[in-house]
Amino acid sequence: MKKDSVLKRLLATHLPAALIVLLAIGPFAWMILTSLTPSAEIIAQGVSLGPSGWSTDNYSRLLRQTSFLDNMGHSLIVAVGTVVLGLLVSVTAAYAFSRFRFPGRRAFMLQFLLVNMFPIVLLILPLFVMMRRLGILDTHIGLIVANATTAIPFAVWMLTSYVGAIPKSLDEAAMIDGCSRLTAMRRVVLPLALPGIISTGIYIFITAWNEYLYALTLGGRNVRTVTVAIQTLIGEYQIEWGLLAAGGVVGALPVTILFLLVQRRLVGGLTQGAVKG
């Protein structure tokens, strides 16, 4: 009986989990192997699990012969700016939605939810026209605002649930002691909501770093992010797979390190923010 239960557990749980992990890790492993394979061998034999030699030449060419480091700097500015703008708007909005009952509250919350249901491509044309008139095309500010249009709705929903779990009596006690509404929010609510705010900020950062469509359409020569820079490594008549893979590894490295450092806080904040609403 024990052998049968172990076999059933292996077939029903462990084997499917191993296949899922393999499918998830496989593309990244292929990318890393390709980035370490000499270009001549890739052209002659293609990518293999056991190349005849390892080489960091693709990384050297990527960092020395291209502007990839500058592109990573642009991505960092856009991602951090989106986090700052997104949190400034979403924290205050979440506090208002969780503490006040006003006409149209549900309609506003529903609109935030509906925004995430539409594809980004529908927003590109109106954003392009508005930013051209304002003169912020191909600027960091333009990309920050564009990324914030998709980051803020989810952040408001997440933080509204998180702030709503904090008892209102704490705000009332602070205001009885002489604090204004804004001071009570800053000194009482925000410190208690800090785990959720950090989780939301991490989510916004990762989303803005990986964004491609806005960066391609609303960016240009002056502001070119990592995702667009990787696409430019594909030539018209030839694709240098080693260089392309090296760009993918370097571009994914900051977000991967950030996620590994804060994964517990991120998962905890997401689950706590999803319990109430």
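Here are legends for a handful of views of this predicted model.

The model is predicted, so local features need pLDDT of at least 70, side-chain atom pairs count only at pLDDT 80 or more, and totals for chains, interfaces and linings use all residues. Residues are numbered from 1 along each chain as its sequence is written, and side-chain values use heavy atoms, with hydrogens and water left out.

View 1. Walk along the sequence and the pattern reads α-α-α-α-α-α-α-α-α-α-α-α-α. Helices (H or I, at least four residues) and strands (E, at least two) are DSSP runs, numbered from the N terminus. There are 277 residues, and 37% of them count as buried; buried means under 20% relative accessible area, exposed over 50%, and partly exposed in between (1.4 Å probe, protein chains only). Among contacts (heavy atoms within 4.5 Å) with a separation of 6 or more, 74% come from residues 24 or more positions apart. The accessible surface is about 16500 Å², with 69% of that belonging to carbon and sulfur atoms. Areas are from the Shrake-Rupley method with a 1.4 Å probe, and for residues only the protein chains shown count as cover.

**View 2. A salt bridge between Glu240 and Arg61.** A salt bridge here is a side-chain nitrogen of Lys or Arg within 4 Å of a carboxyl oxygen of Asp or Glu, and by this rule the count comes to 2. In this one, the N to O distance is 2.2 Å. The pair ties together distant parts of the chain, 179 residues apart: Glu240 sits in the loop between α12 (226-232) and α13 (241-273), Arg61 in helix α3 (residues 57-65). Glu240 is partly exposed at 31% relative accessibility, while Arg61 is buried at 16%.

**View 3. A salt bridge between Asp171 and Arg99.** The closest N and O atoms are 3.1 Å apart. Again distant parts of the chain are linked, with Asp171 in helix α8 (residues 168-176) and Arg99 in helix α4, 72 residues apart. Both partners are buried.

**View 4. The nonpolar surface patch, about 1100 Å².** Patches are made of residues with over 30% relative accessible area and no salt bridge, joining like charges within 9 Å and nonpolar side chains (Val, Leu, Ile, Met, Phe, Trp, Tyr) within 5 Å. Look for members including Leu110, Met117, Phe118, Trp157 and Tyr212. α5, α6 (121-134) and α11 (213-218) each supply at least two residues, and α5 gives the most, with 3. Leu122, also in the patch, belongs to helix α6 and counts as exposed at 52% relative accessibility.

**View 5. A positive surface patch of Arg101, Arg106, Lys168 and Arg181.** Lys and Arg count as positive, Asp and Glu as negative, and His and the chain ends are not counted. Each charge is placed at NZ of Lys, CZ of Arg, CG of Asp or CD of Glu. Arg101 lies in the loop between α4 (68-99) and α5 (105-115), and is exposed, with a relative accessible area of 59%.

**View 6. Asp138 and its positive phi.** Most residues other than glycine have a negative phi. Asp138, though, has a phi near 60 degrees. Find Asp138 in the loop between α6 and α7 (140-164), where its relative accessibility of 16% counts as buried.
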